[in-house]
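Visitor: I have a model open and want to learn how to read it. Can you take me through some features?

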Amino acid sequence: LRSDNLGAMKVEIPILELPRTFRDAFDVTTRLGYEYIWINPLYILQGNEDDRKKEAARMGDTMRLPFSI
């Protein structure tokens, strides 16, 4: 996620343009019956220290959810 593609990514994440490891992670998540997955580069603006700090503070709440691994 970068500031230059933030608007487009909010509308739709181009799954086929993502790295294979991300696509595999989406597949495994779905097969396990989960709806959500947290992949840092998709949630934190790369190269933006303020956004990294803001999202890092929120990660604790996300990881406390019952199915966070």
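Visitor: How many helices and strands does the protein have?
Guide: Helices (H or I, at least four residues) and strands (E, at least two) are DSSP runs, numbered from the N terminus. Here there are four helices and zero strands. The order from the N terminus is α-α-α-α. This is a predicted model: local features need pLDDT of at least 70, side-chain atom pairs count only at pLDDT 80 or more, and totals for chains, interfaces and linings use all residues. Residues are numbered from 1 along each chain as its sequence is written, and side-chain values use heavy atoms, with hydrogens and water left out.

Visitor: Is Glu-55 buried or exposed?
Guide: Buried means under 20% relative accessible area, exposed over 50%, partly exposed in between (1.4 Å probe, protein chains only). Glu-55 counts as buried because its relative accessibility is 6%. It sits in helix α4, residues 49–63. Across the protein, buried residues make up 20% of the 69 residues.

Visitor: Which residues is Glu-55 in contact with, leaving aside neighbours within four places in sequence?
Guide: Contact means heavy atoms within 4.5 Å. With those neighbours set aside, Glu-55 touches Trp-38, Tyr-43 and Ile-44. For the protein, take contacts between residues at least 6 apart in sequence: 34% of them join residues at least 24 apart.

Visitor: And Leu-32: buried or exposed?
Guide: Leu-32 is exposed, because its relative accessible area is 53%. Leu-32 lies in the loop between α2 (20–31) and α3 (40–43).
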